[in-house]
Amino acid sequence: MRNSKIVAIGHHVPENIITNQYLSTVMDTNNDWIVERTGINERRWMDPSKDTVANMAAKATRMALERAKLTEKDIDFIVFATITPDYFFPGSGVLLQRELGLESIGALDIRNACSGFIYALSVADQFIKTGMYKTILVVGAEIQSTALDITTRGRNTAVIFGDGAGAVILQPSDKPGILSTHLHSDGRFAEELYVKDPGSSRPHQERQPEQITDTSTFKVVMNGNQVFKHAVVRFMEVINEALEANNLSKEDINLLVPHQANLRISQYIQEKLALSNDQVYNNIMRYGNTTAASIPIALSEAWAEGKIKENDLICLAAFGSGFTWASALIRW
Ligand code: ACO
């Protein structure tokens, strides 16, 4: 069976920087609370005149293609992870396909929230291994800011999330590449972190104009304590599962790129794995939590900063809404 490897990575974030200081002028919050609980100093929020999920994804893709000396025409399949597609349907995969000027290649959307990028990478890995495709574009891109309640009522989530996009190109290789992916979910906790509406579970009667309030659509609901408790356990489980499956140990990891959920979660994992600051890549301070985009953005920045070298063992891990959690081990 063939193997797959990441041949290039790229990312794009909106220009619009939202500082903690700015947020404290529009809601009852403050820099100290946000930094202490989440590690976030600033995040990027879309400019409606410029940014869409699909066009940010296209910019991230073009960076990856340039770095790999490939062109759009080389891509033969798209896997697009997002929970904030430009439209309720169709998904953003087809919009990206259009932006890239590609006429008929397949485009698959993945909706696994913060774990979405690793799920997408896993799907692409299988398609390469079976020989179905040769050059797959895997994207994680989100515009979270338009679903946030930017008032004191929404402060427990509004300060956390940001917008951005990351992309990787996957191709066949003799040696792996992607050593393994492990994917999990537990739907019993779906409502601990979710957006209910737009969703088809809402009856027509509740959709009468007088029943629609400004809080009834696109409100991110999060039970922060529950998310934290489950995240720290599942992150560790799925990283250990990956290491065991490959007969490797935590000492073999050169760089851990965790989903940028919350700096305190990343620091907890770092401590448990006894990794140094150089072995864990965090950029949540600058971008907040960008859900499916956080891992590819971090991977792209880590690579550009020279923190990823050939033959390094890279571990990706994520936990998020669903609950879902996942890991990928990569020999670079
Ligand atoms: N600014 C100031 N005060 C705030 C803010 C804010 N932005 N948000 C909430 N508070 C207040 C609350 O109203 C509450 O006040 P009260 O005690 O008077 O009722 C107090 O701070 C404590 O609120 P909690 O929600 O209990 O705060 P907690 O200490 O749990 O921190 C946080 C919240 C940071 C979300 C924490 O639960 C956490 O880290 N959870 C993990 C979940 C997470 O990181 N999610 C990220 C996205 S999900 C993912 O990617 C996996």
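A nonpolar core is here a set of buried Ala, Val, Leu, Ile, Met, Phe, Trp, Tyr and Cys residues joined through side-chain atoms within 4.5 Å, where buried means under 20% relative accessible area, computed with a 1.4 Å probe on protein chains only. The model is predicted, with local features requiring pLDDT of at least 70 and side-chain atom pairs pLDDT 80 or more, while totals for chains, interfaces and linings use all residues. Residues are numbered from 1 along each chain as its sequence is written, and side-chain values use heavy atoms, leaving out hydrogens and water.

**View 1. The largest nonpolar core, with 42 residues.** Ile239, Leu256 and Ile269 have the most contacts inside this core. Because domain 1 (3-175) and domain 2 (180-331) both contribute residues, the core lies between them, the domain bounds coming from an automatic or database assignment.

**View 2. Surroundings of Ile269.** Apart from neighbours within four places in sequence, Ile269 is in contact (heavy atoms within 4.5 Å) with Phe235, Met236, Ile239 and Leu256.

**View 3. Asn289 in the loop between helix H9 (284-287) and helix H10 (294-304).** Asn289 has 4% relative accessibility and therefore counts as buried. Its side chain reaches the backbone oxygen of Ala261 at 3.4 Å, and a polar atom of that side chain lies 2.8 Å from the backbone nitrogen of Thr291. Beyond neighbours within four places in sequence, the residues in contact with Asn289 include Ile40, Cys114, Phe161 and His259.

Key: Buried < 20%, exposed > 50% of the residue type's maximum accessible area, 1.4 Å probe, protein only. Helix = DSSP H or I, 4+ residues; strand = E, 2+ residues; numbered from the N terminus. Polar contact = N/O pair within 3.5 Å; in protein donor to acceptor, adjacent residues only side chain to side chain.
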